[in-house]
Amino acid sequence: MCIAKRATLEEFRSGTWKKFADDMGIGAPCTRRRGHALAQAMADHAPRVASTLGALGLDEGALGRYSEIICVRAARFANP
């Protein structure tokens, strides 16, 4: 899904959230706050998901990498 004509997080720039808000007809501050909240929720939840799946016997190394990737991408999402 594109956000403000940006297909990847690497394409996000500081004005991406404003452009997205303008495209959607909603306020930029609300959009930015919601983006931050979603990114924080993803970063908070990823280690718990990895831990739960690890307890089921899945590869802990892969799960650790999953959690790390989610946290890095969430930070990039919240702070383009």
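1. Which residues of helix α1 (residues 16-24) are buried? They are Thr16, Trp17, Phe20 and Ala21, where buried means under 20% relative accessible area, exposed over 50% and partly exposed in between (1.4 Å probe, protein chains only). Seen down the axis of α1, these buried residues fall within an arc of 135°, so they line one face of the helix; the arc is that of the directions from the helix axis to the C-beta atoms.

2. A word on the basis: this is a predicted model, where local features need pLDDT of at least 70, side-chain atom pairs count only at pLDDT 80 or more, and totals for chains, interfaces and linings use all residues. Residues are numbered from 1 along each chain as its sequence is written, and side-chain values use heavy atoms, with hydrogens and water left out.

3. The buried residues of α1 pack against α2 and α3 (contact: heavy atoms within 4.5 Å). Just after α1, Gly25 has a positive phi of about 75°. Helices here are DSSP runs (H or I, at least four residues), numbered from the N terminus.

4. Helix α2 (residues 28-55) packs with helix α3 (residues 60-78) at an angle of about 175°, their axes 9 Å apart. Axes are lines fitted to C-alpha atoms over the stretch in contact, and angles run from 0 to 180 degrees between N-to-C directions. That makes α2 roughly antiparallel to α3 (over 145 degrees).

5. Finally, the cysteines: the structure holds zero disulfides (a pair of cysteine sulfur atoms within 2.5 Å). Cys30 is partly exposed at 43% relative accessible area, and Cys71 is partly exposed at 27%.

Notes:
Helices (H or I, at least four residues) and strands (E, at least two) are DSSP runs, numbered from the N terminus. Angles under 35 degrees count as roughly parallel, over 145 as roughly antiparallel, 65 to 115 as roughly perpendicular and the rest as oblique.
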